[in-house]
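Work through the exercises below with the sequence and the structure side by side, and try each task before reading its solution.

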Amino acid sequence: MSEGEKMTDEEIISLVQQKDKEKFGVIVDRYEKKLSRYALKFISDANKIEDVVQDVFIKVYENIMSFDTTRKFSPWIYRVAHNVFINEIKRKRNVLFYAFDFDAILPHLEYEDPLPKETANSEMKNLVEEELKSLPEKYREILILYYTEDLSYKEIAEILEVPIGTVGIRLKRARSILKKQIPFDVLSK
Amino acid sequence: MNNKQNDLKKNILSKIDSGKIKMKPKIYFTAKTVIVLFAVIAAVVVLSFLVGFAVFSIRASSRLFLLGFGNAGIWTFLVTFPWLLLVTEIILLIFVDILLKYFKFAYKTPFIYLMAGTTVFVVLISFFTSTIPVHETLYQEAVEQKIPIFETIYKDAKRPPEENGVFRGVIISVDDDAFTIFSDDYDKDKDDGQQTISISKERLKYIPPIRIGDFAVVACKQEKDGRCYLYGLKKLKSAEMK
């Protein structure tokens, strides 16, 4: 295992910020697959994925000095990716992609983050993968981040720049839409 | 997939090495934050100024008294309310909150709380500035044509909405069923003049006794007989006339 592979994302980014450009390659290695998988849920044209993911890494490198290395890197890179994907969708469809987020306007009760229990449910993960295409984009994205990327409510809130309560309510709604398509006993496991 | 991954990595690193992709310096992000912060402060100052001006204008033009003149008074108050100013303030408030979303604390907060917080903050600033005669000073400057920009905004700030039957002035004659008010807002312009107000028998018992020389703000409604019938009267102290 190389020195770079033992380091945390934040330690690597700290080196990149100090002009160790080569270390950025480690970040590309770590996130290329994850971001491609994330992009695939937004962009249907598989040939476009590589270009879009490359755009994400370019944006990350350009804006790397704005990253605070005392914070966690993964929500930050997903936030950059989110913006790039949204811009790509907007450009393609020439529409405003949930520009006005009603869920983030009103306060919602903070739902407890049941991540360890639910992500252990691999069956749920697979079903989410299968049924995603039929869901509206804003629910699709939150399910990907939660079930496929195993991120916490707090991290998802940072990526989507919405209150944690909004993450909770949106996941709840996404699950209830899925309930109509997936047998109830699988969802309630 | 691994080859593809290596290609992507090579491609990105070569772009970095060749200088096609460059890191934005830290100062760029600091400057961006400062600009957003400056824009927020500027927008809050303008917003507070507009809120303060709206309150000043409503009070100085005696429109606030309309709320005590029954349904007709409330209706006239709503008709003469500076709605355009209110809409501008709401747009500015939303603009401030959108700018605030740039900061971490703001997007963690539901938008409605953010709006409420900003509104309270702006109201507090407006309340504070109302304790110092900012708008009165600017009004005087505008009347004396010292600041051309403010002239348009302030010139009618103290004028009661006479076209809606609201007059402020000194009572110069009193009859059994009518009185004449000489409205003078001290600017020696065309709206200084006399207005005779009729008082219906039903209304007569509800209005306070009036004498020549009394200062008052009155509201009347134009009827088909061509006379303007009183529906509200509030006596003023001479200091309230300015």
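**Exercise 1.** Find how many residues of chain A are in contact with chain B, and which helix gives the most to that side of chain A.

*Solution.* In this predicted model, we begin with the contact itself, in which 24 residues of chain A meet 22 residues of chain B. Turning to the elements on the side of chain A, we find that α3 (24–40) and α4 (46–62) of chain A each supply at least two residues, and that α4(A) gives the most, with six residues.

**Exercise 2.** Describe how the two assigned domains of chain B touch.

*Solution.* The domain assignment places domain 1 of chain B at 26–154 and domain 2 of chain B at 162–241, and their C-alpha centres lie 32 Å apart. The contact between them takes twelve residues from domain 1 of chain B and ten residues from domain 2 of chain B. On the domain 1 side, helix α3 (residues 70–79) of chain B gives the most, with five residues, and the residues of that side divide into six nonpolar, six polar and no charged.

**Exercise 3.** Compare the reach of helix α8 of chain A with the expected span, and list its buried residues.

*Solution.* Helix α8 (residues 137–148) of chain A has twelve residues, and at 1.5 Å a residue the expected span is 16 Å; the helix reaches 15 Å from its first C-alpha to its last, which is close to that value. Within α8(A), the residues E141(A), I142(A), L143(A), I144(A), L145(A), Y146(A) and Y147(A) are buried. Just after α8(A), D150(A) takes a positive phi of about 55°.

Note on methods
Residues numbered from 1 in each chain as written. Chains lettered and ligands numbered in written order. Predicted model: local features only at pLDDT ≥ 70, side-chain atom pairs only at ≥ 80, totals over all residues. Domains from an automatic or database assignment. Contact = placed C-beta atoms within 7 Å. Helix = DSSP H or I, 4+ residues; strand = E, 2+ residues; numbered from the N terminus. Nonpolar A, V, L, I, M, F, W, Y, C, P; charged D, E, K, R; others polar. Expected span 1.5 Å × (residues − 1). Buried ≥ 20, exposed ≤ 12 C-beta atoms within 10 Å, placed from the backbone.
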